[in-house]
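Keep the structure open beside you and look up each spot as you read.

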Amino acid sequence: MSLRFVLTVVSFVAIWAGPLEAEESGNPWQLIAREDARAALELIESNHPGADPSLGDARFLERIRIARANVEQRLTKVDSYPAYNALMSGLAADFGDGHIWSTALVEYKFRAWTGIILSRRGGAWIVGAQEQHDGERDIVGFRLVSCDGADVDAWARERIGLFKGNPEVESQLAQNAAWLLLRDGNPFLTRPESCVLESPQGVREQVDLNWRQIQVADLEPFIVRAEGKRTGAGMGVEKFDRGYWIKLETLGAGAAEVVAEVDKHQKELRTAPMVVLDLRGNGGGDSSYASAIATTLVGAETVAAAARPADDCRGAFWRVSPGNLEMLRGWRDRLARDDAKSFSYVSDLVQDMEAALIESRAFAPALPSCAREPSTEIIADGHKLPSPEMLGRLVLLTDRSCFSSCLIAADLFLRLGALHVGEATDVSTRYMEVRQEVLPSGIRTFSTLQKVALGLEDYGPFEPEVNYSGDLADTEKIQGWISQLQ
């Protein structure tokens, strides 16, 4: 990155923030980090439902406090673009919600690495790919035991939890495994110098790590090799050995065609020995598509009985703010062209939020007093469901990508008694409707959520009843494996 670019960014931030303190003027990256972190926290505090005290989410308010403290503690070490990136990534990770992220708009092209890329398999940290250098031996497939004397599981969870994701969620551990033996200039983490590895035969040995530089583009093949090629389910309905395979890679607009295809084949699907709902690669969208598929398969009465019991205190409530109102107005204007029903709903919501701003109200609609009370939700007993209109076995296939509305879909099919196979899913909170803004520097974004669904708790993570340890990109092999399940 050129000095001219840094000075341009500093000038922009200085104009936005006002006069610079003398002690800050010699460290442009610390100034950029301070102002971007301030804007990111303001975005959360002014727009996120959990940040308003009237909702009574003490856990989320504590996350804000921790995030602020971490920013102040880390700012003194910010002296470069990589350090700035680390601070902003850590700020997003402090909220423990995959919908809150910070994205770099300028790529730092280099990383330091050891020639080793880790992967997460069966609850263990495995060397998934390696570039052998200067006589280094082949250790692909070895299990990592410890680094610099620290147990690897505690070591890995701490690093991921501080800067990447929720260390208690298996899918997020797996998503971030490749990062553990890479260095991106983060000054808040020490670099391991040696690790103990165990061979597939159970022999342990200490390996000194040989750190060197590599371009990000050159890293990609090693990461793909370590993690295996990730692929989605695709879209559509097809036959396989045991029955029918419903491919639902997204719950976006394309899912409507899959719903129509399921309706078309309802008779065959209901009488098939097995029906698999394949959610590989599904990151969310509109869960009503999954509900429609479930209804076609097992019947409306069974789906209604399987739904999460409604809490007495329930409903969708939007945090009132100028930024959230602007987003809703844009949504309303787009709907005006082709969706009269949704247009009417969003138009009413816009009017309510406009009134709420005048009245200094925090939520639209107004938040009920019961919102601060603990949820009384009781999980439905799947054994008491009405007999489904589908005769065969229902199977749910997920991978680590399952997030947001995909989790609502997975929850429904599990309540319907589906056998869950594949990989563990991610987790999602009761907060919804993500949007992001470019931060004052212009080189990074930060996101927030805008709506809370009262009466709902977190969705996921869902652990499969039967884990699949093979290549999740190989549909033919997965179908053969599922065909053998008893």
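1. Let's start with a hairpin. Strands β3 and β4 make one, with 2 residues between them. Have a look at G122 in that turn: its phi is positive, at about 55°. Bear in mind as you go that this is a predicted model.

2. How many bridges join β3 to β4? There are 6, and the two strands run antiparallel. β4 covers residues 124-130.

3. Is β3 mostly buried or exposed? Of the 6 residues in this strand (residues 116-121), 5 are buried, so β3 is largely enclosed by the rest of the structure. As background, side chains in a regular strand alternate between the two faces of the sheet.

4. Next, find the open sheet of 3 strands, which has the order β7-β2-β10 and antiparallel pairing. The edge strands here are β7 (182-183) and β10 (212-215), and each of them pairs on one side only. Helix α7, residues 216-227, packs on this sheet and touches β2, β7 and β10. Compare its direction with that of β10 and you get an angle of about 90°.

5. Staying with that sheet, strand β2 takes in residues 110-113 and is joined to β10 by 4 bridges, with the two running antiparallel. A handy pair to click on is W113 and R212: W113 stands opposite R212, which belongs to β10.

6. Now jump along the chain to G460. Where does it sit? It is in the loop between β19 (444-454) and β20 (466-467). G460 counts as partly exposed because its relative accessibility is 22%, and the buried class stops under 20%.

7. Which residues does G460 touch, once you leave aside its neighbours within four places in sequence? They are D426 and V427. V427 is 33 residues away from G460 along the chain, yet their C-alpha atoms are separated by 4.4 Å.

8. Finally, a word on confidence. The chain has a mean pLDDT of 91, and 92% of its residues reach 70 or more. Go carefully with residues 10-25, though, where pLDDT stays under 50; the model gives this stretch 17 contacts beyond four places in sequence. Residues 376-383 also have a pLDDT below 50, and that stretch has 13 contacts in the model beyond near neighbours in sequence.

Note on methods
Residues are numbered from 1 along each chain as its sequence is written. This is a predicted model: local features need pLDDT of at least 70, side-chain atom pairs count only at pLDDT 80 or more; totals for chains, interfaces and linings use all residues. Side-chain values use heavy atoms; hydrogens and water are left out. Buried means under 20% relative accessible area, exposed over 50%, partly exposed in between (1.4 Å probe, protein chains only). Contact means heavy atoms within 4.5 Å. Two strands pair if DSSP finds at least two bridges between them. Axes are lines fitted to C-alpha atoms, for helices over the stretch in contact, and angles run from 0 to 180 degrees between N-to-C directions. pLDDT is the predictor's confidence in each residue, from 0 to 100.
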